[in-house]
Amino acid sequence: MADLLGSILGSMEKPPTMGSDERKKAKAQKAMMEKQQEAEKKKIDAFRTRIQKKIHEFIKDGTLEKLKLEPMEKGMRAIVHEVSEVAGLTSFSFGHEEEDRYVLMWKKEFAPSDEELLAYRRGEEWDPEKAKEMEKLKEIQSKEEEESRKQSLKETPASNYRDKYKHLIGDEAAKDAAREMVSNSSYGFVPATNKRDLRTIEQVLADTRAKKKQKLDPSAESSGSPSASGDQGEGVGAETSEGAGEGEGVLAEAQGETEQS
């Protein structure tokens, strides 16, 4: 078994070995890469130091509200945002990507408004005086719109519906149909006077009994109100004294029929 394994290993080709020239070349490339990384690190450290110094001077100067830096690449802008955040500043990037993208910083007490940020994003310069004028114009326009809305609510309709339908229903009918409706919480939005029965109890009872007689005796005269004759009124008065229960029942029934009518 050992002889077989040894023969297999002996028949295999050995991996290629690196010559001395290739080793030197790889070593030189590694050294160059480390040197470039070290130079890049020094460049970043120097840039960070310069930005920290500039931001420190900006914070110390009480006359300045914002600081605009020169356009720079994305990695440098990230360093500026990091340093400004540590220093307690507000920073934003504006401009086209990788063309003229720059960083603008504000002190916390002079933080920009949404309108100011929008102006910088559009590539415009921010003018505080112009912004105040625009704000006043917006307030005036808002007040005018509010006044116009209130005025439109107060205006009366161009046409009167009484005159509109006069040729169909006439003057008197238009007046009756257009009478003012007084709301009543007990009856809804129908006037209470429209539902009020102006008859006396005796008249209601007499009318009710007359209707019952007409139903039982179709040949009875339907003309004339029973409540108009004195004899029938006396009869109703006598009948009401027969018992409170019957009178109350008739009154309730009469009131029910009156409401239905």
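**View 1. The surface of the predicted model.** The protein exposes about 21,300 Å², and carbon and sulfur atoms supply 53% of that area; the figure comes from the Shrake-Rupley method with a 1.4 Å probe. Of the 261 residues in the protein, 16% are buried, meaning under 20% relative accessible area with a 1.4 Å probe, counting protein chains only. This is a predicted model, where local features need pLDDT of at least 70, side-chain atom pairs count only at pLDDT 80 or more, and totals for chains, interfaces and linings use all residues. Numbering starts from 1 along each chain as its sequence is written, and side-chain values use heavy atoms, with hydrogens and water left out.

View 2. You'll find 11 helices and 3 strands here, taken from DSSP runs (helices: H or I, at least four residues; strands: E, at least two) and numbered from the N terminus. The order from the N terminus is α-α-β-α-β-β-α-α-α-α-α-α-α-α. Among contacts (heavy atoms within 4.5 Å) with a separation of 6 or more, 47% join residues 24 or more positions apart.

**View 3. Helix α9.** Helix α9 covers residues 201–216, and at 1.5 Å a residue its 16 residues should span 22 Å; the expected span is 1.5 Å times one less than the number of residues. Its end C-alpha atoms sit 23 Å apart, which agrees. Its buried residues are V204, L205, A206, D207, T208 and A210.

View 4. Confidence here is pLDDT, the predictor's score for each residue from 0 to 100. The protein averages 74, with 62% of the residues scoring at least 70. Strand β3 (residues 102–106) is highest at a mean of 93, and helix α10 (residues 230–240) lowest at 41.

How values were computed:
Buried < 20%, exposed > 50% of the residue type's maximum accessible area, 1.4 Å probe, protein only.
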